[in-house]
Amino acid sequence: MGKHIVLCISGGIAAYKSMFLIRLFKKNGYEVKVVTTKNALQFVTPLTIETLSQNKLYSDMFDINRTLDVEHIALAEWADAVIVAPATANIIGKFANGIADDAVSTLLLATKKTIFIAPAMNTNMLEDLSVQRNLQIIKDKGCFILSPKDGFLACGSNGKGRMLEPEDIFNIVDEKLSQDSKLAGKKVMITAGPTYEQIDPVRFIGNNSSGLMGFCLAEEAAKNGADVTLITGPTALTTKHSKIIRVDVKSAEEMYDQCLNIAKNQDIMIMAAAVADFTPAHKATEKIKKENANLTLELTKTKDILASIGQIKNDNQTLVGFALETQNEVENAKKKLYTKNADFIVLNSLKTKGAGFQTSTNQITIFSKNGDVFDSELKSKQEIATIILQTVTKID
Ligand code: CTP
């Protein structure tokens, strides 16, 4: 799936050019959703916008037919980037000063994603001290101002204030988004799920891992342009992204074999699987009968996949392990970082409510081998996956 653009259109004549902008993004594989001010709809029609974007227009915050999602919040989350083109003096003023009284201004305050502002107005308006001050405030917030060009203006004069051409806006946004994606073209191996250690043909030793954390990591990495190999133990989960190659395994030994083979040419390896530490020393070929009152199983240690990769990895490879702890969490997690020669360890504490196994949420602390520590709040596993990937790709 392509990256997500939320295009905000405010009420200036350059709004017609934004129709070309929608087409450019769509042609290049982006998904586009459009938000307009009321005035913008004096210049362009909902039908044009919806036909080009193939998505529902969002303009009226109090539309009786709207879905139950709080749309400005949902869109703020959905977007990879938000573009305001054209941005009138009015919307610039609102955004700079924290006013949220319509769909566009509300969305701008609600999003934490990269915002690009493409002003379009008459030269005198653009040069007005308050507009310049507002643009500076917006720049200081970390947004990108796509400075208007000199040229023929709709008011009949020549001067500065003409919105950048759609091609130029597209190129700037497209370049910025691909730079952001440090995972583009990287090979990422992820393990997920439990392993099943067979006792006899009908019974096994397993654990509570659902595999969700590893699957979320795989989806997020693939969405950001990585070529992902997901090696997973038994789970009901499915993969959606075409850039994920899924390798199904059952036992710790099978997972070990696949991982050691695939790890050789990977850039990043994330070991999120809950691998069994012990496996039955003898696997009965026939079902064990309950003739005896007690049954004693002899278990032997499995090979530690993370530690084995830690021994053979080179300096260009990033190795990320997980630590699932119930006591002395920090101490144990840090110990695993060194004993397994990982670059990062992601600590899950089973003591935190809503974190770890069989939940859709997680709370983590990431320890890096350089001594850095990153703490997250309790968030959905999708969001946690983003945090993990952002953190582990920061390394040089
Ligand atoms: N791991 C592995 N191979 C194993 C066991 C664990 O690769 N045979 C990996 C897990 O995928 C995880 C990390 O090692 O990334 C830590 O797993 P965890 O169960 O927390 O710790 P263990 O190493 O098994 O140690 P202990 O059970 O003593 O805490």
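Q: Why is S251 called buried?
A: S251 has a relative accessibility of 14%, and buried means under 20% relative accessible area, with over 50% called exposed and anything in between partly exposed (1.4 Å probe, protein chains only). S251 therefore counts as buried. The residue sits in the loop between β12 (244–248) and α10 (252–262), where helices (H or I, at least four residues) and strands (E, at least two) are DSSP runs numbered from the N terminus.

Q: What kind of model is this, and how are its residues numbered?
A: This is a predicted model in which local features need pLDDT of at least 70 and side-chain atom pairs count only at pLDDT 80 or more, while totals for chains, interfaces and linings use all residues. Residues are numbered from 1 along each chain as its sequence is written, and side-chain values use heavy atoms, with hydrogens and water left out.

Q: What makes the pair formed by S251 and E254 a polar contact?
A: A polar atom of the S251 side chain lies 3.1 Å from the backbone nitrogen of E254. A polar contact is a pair of N or O atoms within 3.5 Å; within protein, one must be able to donate a hydrogen and the other to accept it, and residues adjacent in sequence count only if both atoms are side-chain atoms. The pair at 3.1 Å therefore qualifies.

Q: Why is T106 called buried?
A: The relative accessibility of T106 is 11%, so T106 falls in the buried class. T106 belongs to helix α5 (residues 103–110), and its side chain reaches the backbone oxygen of D102 at 2.4 Å.

Q: Why is Q54 called exposed, but N328 partly exposed?
A: Q54 has a relative accessible area of 59%, so it is exposed. N328 is at 48%, so it counts as partly exposed. Q54 lies in the loop between α2 (46–53) and α3 (71–78), and N328 in the loop between β16 and α12 (329–339). Neither residue is a glycine, yet phi is positive in both: near 55° for Q54 and about 40° for N328.

Q: Why is I288 called partly exposed?
A: With a relative accessible area of 24%, I288 is in the partly exposed class. I288 is found in the loop between β14 (278–280) and β15 (299–301).

Q: Which elements supply the shell around the ligand?
A: α11 (305–312) and β16 (318–325) each supply at least two residues, and β16 gives the most, with 4 residues.

Q: What is the overall extent of the protein chain?
A: The C-alpha trace spans about 95 × 45 × 35 Å along its principal axes. The protein chain has 13 helices and 21 strands, and buried residues make up 48% of its 396 residues.
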